[in-house]
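Subject: Structure handover

Hello,

Here is the structure for your files. My notes follow below it.

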Amino acid sequence: MAESPVLFSPDNEPYLGRKPLYVLDTSISSAMKTVEKIAPLTLEVDDDQLKKACLDLVPGGISLALSIRELIRQAHLYSAYVLTRPLAERAFTSLYLFHNHQDLPLWKKGWPYNERPRLAEIMRRLDAKGVLGTANPLNGLNSLIHGDPSSSQFLLFEDEEGEIKISLSRNLLRPDICNDICSLTISFIAILMGVASGTFGLGEKVKPC
């Protein structure tokens, strides 16, 4: 196998050409256009607590999505996968507050750990409202965050001789993991952009995730 470059660029990254990665790039591009539309509207939020919460959550989420994309480019799949969990937190929290304005005072208070609903509870409440349209992705993501035994599977790859090895850095041979990361990130970006668009009145409906 030819020695890989120190840094991959957009024209030679290892997972270039995979459809989920292409869709992720398209989603990021679309999100940046939406952010450009919303930016002028953020200058005057007055006392609108939903808009303030949106401004707390969405920029951080987009930043995480961009970081995930760059980690994929460099084939650091394990780290990219780990970052999908805090991205999920921001996406589902923003969606929850969009549908549960009664908890906005709690957000204004600082979203205290011992008072706010845990993410699993947020998911349960969203599901009860019929907002969630897909299976809960958090179980696997929680394992990655906490380092459960099952999290080690995301470090494995099969080399050219068919031996299973552990990657401590780049993982160039796990397109399945790349696809999963892209799919999750795409869905979380869609939630964030739907909430932002709905909050700032761009006329876009917040879709079930």
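First, the ground rules. This is a predicted model, in which local features need pLDDT of at least 70, side-chain atom pairs count only at pLDDT 80 or more, and totals for chains, interfaces and linings use all residues. Residues are numbered from 1 along each chain as its sequence is written, and side-chain values use heavy atoms, with hydrogens and water left out.

Overall picture

The protein has 7 helices and 2 strands. Both kinds of element are DSSP runs numbered from the N terminus (helices: H or I, at least four residues; strands: E, at least two). Starting at the N terminus, the order is α-α-α-α-α-α-β-β-α.

Along the principal axes, the C-alpha atoms fill a box of roughly 60 × 35 × 25 Å.

Of the 209 residues, 42% count as buried. Buried means under 20% relative accessible area, exposed means over 50%, and partly exposed lies in between (1.4 Å probe, protein chains only). The accessible surface is about 11,300 Å², and 54% of that belongs to carbon and sulfur atoms. Areas come from the Shrake-Rupley method with a 1.4 Å probe; for residues, only the protein chains shown count as cover.

Now contacts, meaning heavy atoms within 4.5 Å. Take those with a separation of 6 or more: residues 24 or more positions apart account for 69% of them.

On charges, there are 22 positive and 25 negative, and their mean positions are 7 Å apart. Lys and Arg count as positive, Asp and Glu as negative; His and the chain ends are not counted. Each charge is placed at NZ of Lys, CZ of Arg, CG of Asp or CD of Glu.

Helix α7 and its partners

α7 covers residues 175–199, 25 residues in total. From first C-alpha to last it reaches 36 Å, close to the 36 Å expected at 1.5 Å a residue. The expected span is 1.5 Å times one less than the number of residues. The helix is mostly covered, with 18 of its 25 residues buried.

Ser27 sits in helix α1 (residues 19–38). Its relative accessible area is 17%, so Ser27 is buried. Beyond its neighbours within four places in sequence, Ser27 contacts Ile186 and Ile189.

Ala91 belongs to helix α3 (residues 77–99). At 0% relative accessible area, Ala91 is buried. Not counting residues up to four places away, Ala91 touches Phe188, Ile191 and Leu192. Ala91 and Lys165 are 74 residues apart in sequence, and their C-alpha atoms are 34 Å apart.

Two more sites

Leu126 is in helix α5 (residues 119–128). Its relative accessible area is 0%, so Leu126 is buried. Leaving aside neighbours within four places, its contacts include Phe92, Leu95 and Tyr96. Between Leu126 and Phe92, 34 residues apart along the chain, the C-alpha separation is 8.6 Å.

Pro5 lies in the segment before α1. Its relative accessibility is 31%, so Pro5 counts as partly exposed. Pro5 touches Asn12 and Arg170, again not counting residues up to four places away.

Best regards
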